[in-house]
Amino acid sequence: MSNFLFDDFTPSSPKAWKQKIQVDLQGADYNETLLWKTEENITVKPFYTKEDSTHQKINLPQNNFNICQSIFIDDEKIANKLAIDALKKGATAIEFVSEKKFNIEEALKNISFGNIYVYFNFLFLDSSFISAVSKHTNSATVFFNIDIIGNLAKTGNWFFNLKEDHNLLSQIVKNTNNSICINASAYQNAGANITQQLAYALSHANEYLNYFGENAANKMYFNFSVSGNYFFEIAKFRAFRILWKSLLKEYGVENNTAHIFSKPSLRNKTLYESKTNILRTSSECMSAILGGSNTVANISYDVLFRKSNKSSEQISLHQLLSLKEENGLQEAKNIVDGTYYIESITNQLAENALEIFKLIEKGGGFLKQLKEGIIQKKISESAVKEQTLFKNQELILIGVNKIYNKEERIKNELELFPFVKKRHQKTLIQPIIQKRLAEEVEQERLKNE
Amino acid sequence: MNRKDVSNIRIINNSSVKQNKLHEDFIAGTPPYLRGATSTMYLTKLWEVNPSTDFSEKTYIQISNHQQEETNTSIEKQIAKTLSKGLEYIKKGIKKGIDIDTLCSEIVFTWSVSNNHFKEIAKLRAARMLWAKLIQEFKPKNQNALLLKTHCKTIDLDLTEEKTSNNISQTTLKAMSAILSGTESLDTTLNETDSFIKDFQNTTQLYLQEETQITKTIDPWAGSHHLEEITENIAIKAWELLQEIKTT
């Protein structure tokens with residue numbers, strides 16, 4: 001019936017397209033002008049066609065994405081009010097972050113845990129406290145960001161020691177659902193490329209699978225950060241789902257769809273021209289949503305230097321709400337299906353990440369390679385590569401190494417220390433340091449203000 | 001403890017059913033220009049950022065859908081009305097004895113971009129295809145005449161104060177859809193005196209050019225079942241409406 005629309009024109013082909021390009025280039029080099037080799041060693045072609053389709057069917061979450069408001073619990077009453085406000089405004093998930101135990105009743109008053117998703121992110125490990133929170137909330141939609149390996153990777157130390165950490169985690173896992181989190185965000189924020197993020201997330205998870213057995217798979221969830229390479233980041237989420245499914249098949253687990261929590265990266269965010277961070281988070285949240293994240297949380301444009309404040313939080317929450325309500329993204333997760341470019345990238349990312357994963361496993365596994373400093377070294381290599389690209393202006397951050405306002409002064413606005421803090425603590429292993437690309441440039445500029 | 005041997009893992013390939021789309025064999029730079037105006041698009045030439053829209057250097061006639069956008073007309077109607085205005089201009093010129101190639105080189109279509117991200121991407125793809133189909137009937141000498149020259153403008157219909165900072169995000173997303181649909185120039189200037197967002201006049205488009213890598217391949221959303229379906233539906237419906245307008 002709809003054939004008539006296209007009758008007037010002769011269908012073409014990828015070959016014809018390439019020929020036309022050669023003609024239009026008028027002598028310019030095809031490879032130099034039109035191919036893009038990414039940090040993941042993937043070459044992006046100028047065009048993709050149905051021949052690039054992989055027809056890969058990916059198991060996506062059943063529900064539409066959750067909009068998450070992140071809240072730091074300092075004063076329980078204030079945190080509670082912020083949570084209820086956010087939920088009123090349309091958030092469907094809350095992330096509670098805390099450095100210490102808090103009054104559970106006060107902090108969680110009047111929150112209906114069965115209807116929303118809650119993520120507890122404790123920067124300490126206390127099994128009985130976690131059990132208490134779990135009992136209080138009593139819901140399948142409550143998640144605990146407990147990651148003893150991630151903590152080791154980030155800080156260089158166990159919470160207590162290897163044995164104690166594992167024992168505590170075992171206790172927690174026995175009594176609580178959704179109590180193991182694989183924080184892949186740390187690797188991205190430290191400069192790992194996408195293939196590495198995928199491989200490390202997978203092998204990190206595999207450590208827990210090896211320790212607890214395949215039944216632990218249903219207690220695990222993942223925390224990814226999203227960065228600026230729009231289509232690659234969408235592909236990243238999908239590649240991970242493919243990898244997770246492929247790994248679980250080896251363990252005989254069939255019906256598990258990874259639960260993914262995502263948040264924009266800090267690595268590409270800037271101190272100067274901080275408002276550009278609003279642009280960054282807008283496309284990053286979109287990547288997270290289109291990639292099929294279960295839950296997306298946002299970060300404020302001034303998170304680097306200002307304490308959490310109402311107006312900035314409003315902007316970031318509103319960004320997510322708009323994406324859901326105004327931009328036609330309610331049913332976002334299936335939009336990507338069939339896209340030639342994304343399918344091709346997804347497949348390449350998955351295949352490459354699997355290779356790295358196998359190497360890690362061959363070398364004794366993620367924990368062993370962390371202890372030997374190999375993971376840290378690989379991430380550092382990527383970070384250095386990226387930093388060099390940034391220095392050479394091949395990697396651009398608007399407001400920092402391109403189009404920057406020399407007159408901008410920000411010293412007096414700093415409420416927080418925006419750079420990596422030097423820690424003089426003895427560590428068991430070399431920690432993976434999350435550092436932003438712009439830090440050195442910014443430190444220079446601040447000095448000269 | 002023995003680690004599980006994972007050396008034989010393979011990527012599971014859960015093949016979904018192959019869906020053939022009717023227009024999947026069309027390429028950019030060749031009529032009907034569904035996938036883009038040129039064969040290399042932004043890889044060799046980026047879109048123009050915030051150009052002066054009087055296009056005063058040339059005698060471009062702007063045919064725009066701004067009015068329809070403001071009255072909340074459906075995308076199909078927008079395309080039909082806008083293209084038929086263009087068609088009117090062509091027919092008048094033909095009557096005066098001007099050749100079709102010249103006439104086509106004088107028209108630029110300006111489109112305002114709404115919030116519905118994927119419908120907007122579909123809109124331009126469908127519009128280019130339908131315009132080529134319309135002009136084909138006049139048998140131009142050069143196939144370039146079949147190309148719908150486009151300029152997009154992210155109009156802000158909601159300028160309430162509390163939404164000011166949200167305008168930045170929304171403008172970014174609208175700009176993105178215009179770019180992903182292959183516009184040749186884009187205007188994202190906001191009529192804002194608010195200093196907070198005045199800085200964004202050019203930054204938005206620069207950000208999209210430099211930090212998102214969305215220009216690295218042509219028509220990147222091609223193949224998406226969702227996008228191709230709505231492109232096709234919009235094209236069919238708009239064509240029907242065009243025929244209706246023609247006969248009235």
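**Entry 1. Helix 5 of chain A**

I started at the end of helix 5 of chain A, where the next residue, N138(A), has a positive phi, near 45°. The model I am reading is a predicted one. I then looked up which residues of helix 5 (residues 127-137) of chain A are buried, and found S127(A), F129(A), I130(A), S131(A), V133(A), S134(A) and T137(A). The cover over these buried residues includes helix 4 (104-107), strand 5 (117-122), strand 6 (142-144) and helix 7 of chain A.

**Entry 2. Helix 6 of chain A**

I went on to helix 6 (residues 148-155) of chain A. It is largely enclosed by the rest of the structure, because 7 of its 8 residues are buried. I listed the buried ones as I148(A), I149(A), G150(A), N151(A), L152(A), A153(A) and T155(A). They pack against helix 7 (162-175), helix 9 (194-212) and helix 14 (366-371) of chain A. Just after helix 6 of chain A I noted G156(A), with a positive phi of about 90°.

I looked up K368(A), which sits in helix 14 of chain A. Its relative accessible area is 41%, so I put K368(A) down as partly exposed. K368(A) and I194(A) are 174 residues apart along the chain, and I read 22 Å between their C-alpha atoms.

Next I took Y341(A), in helix 13 (residues 340-362) of chain A. Is Y341(A) buried or exposed? It counts as buried, at 2% relative accessibility. I then checked what Y341(A) touches, leaving aside neighbours within four places in sequence. In chain A the contacts are W36(A), V44(A), Y48(A), F231(A) and F232(A), and in chain B they are T217(B) and P220(B).

**Entry 3. Chain B as a whole**

I turned to chain B and found 8 helices and 5 strands. Along the sequence I read the order as β-β-α-α-α-β-α-β-α-β-α-α-α. Chain B has 248 residues, of which 61% count as buried. I also looked at contacts in chain B between residues at least 6 apart in sequence; 76% of these join residues at least 24 apart.

**Entry 4. Helix 2 of chain B against helix 4**

I looked up how helix 2 (residues 75-96) of chain B packs with helix 4 (residues 117-136) of chain B, and found an angle of about 30° and axes 10 Å apart. Angles under 35 degrees count as roughly parallel, so helix 2 of chain B is roughly parallel to helix 4 of chain B. I noted the crossing of these two helices as right-handed. From helix 2 of chain B the contact takes I75(B), Q78(B), I79(B), L83(B), G86(B), L87(B) and I90(B). From helix 4 of chain B I noted several residues, among them A126(B), A127(B), L130(B), W131(B) and L134(B). I sorted the contact of helix 2 with helix 4 of chain B by class and got 11 nonpolar, 2 polar and 3 charged residues.

**Entry 5. Helix 2 of chain B against helix 8**

I then took helix 2 of chain B with helix 8 (residues 225-247) of chain B, whose axes come within 8 Å and cross at roughly 45°. That angle makes helix 2 of chain B oblique to helix 8 of chain B. I recorded this crossing as right-handed. The residues that helix 2 of chain B brings to helix 8 include I75(B), I79(B), L83(B) and L87(B). Those they meet in helix 8 of chain B include I234(B), A238(B), L241(B), L242(B) and I245(B). By class I have 10 nonpolar, 1 polar and 5 charged residues in the contact of helix 2 with helix 8 of chain B.

**Entry 6. Backbone checks in chain B**

Most residues other than glycine have a negative phi, and most peptide bonds are trans. I looked for exceptions.

- The peptide bond from P31(B) to P32(B) is cis, with omega near 0°, and P32(B) lies in the segment before strand 1 (48-49) of chain B.
- Y33(B), in the segment before strand 1 of chain B, is not a glycine but has a positive phi of about 55°. I found Y33(B) buried, with a relative accessible area of 1%.
- Q213(B) has phi near 60°, again positive in a residue other than glycine. I placed Q213(B) in the loop between helix 7 (200-210) and helix 8 of chain B. At 17% relative accessibility Q213(B) counts as buried, because the cut-off is under 20%.

Notes:
Residues numbered from 1 in each chain as written. Chains lettered and ligands numbered in written order. Predicted model: local features only at pLDDT ≥ 70, side-chain atom pairs only at ≥ 80, totals over all residues. Heavy atoms only, no water. Axes fitted to C-alpha atoms, helices over the stretch in contact; angles between N-to-C directions. Helix = DSSP H or I, 4+ residues; strand = E, 2+ residues; numbered from the N terminus. Parallel < 35°, antiparallel > 145°, perpendicular 65-115°, else oblique. Left-handed = near helix turned anticlockwise from the far one by under 90°. Contact = heavy atoms within 4.5 Å. Nonpolar A, V, L, I, M, F, W, Y, C, P; charged D, E, K, R; others polar. Buried < 20%, exposed > 50% of the residue type's maximum accessible area, 1.4 Å probe, protein only.
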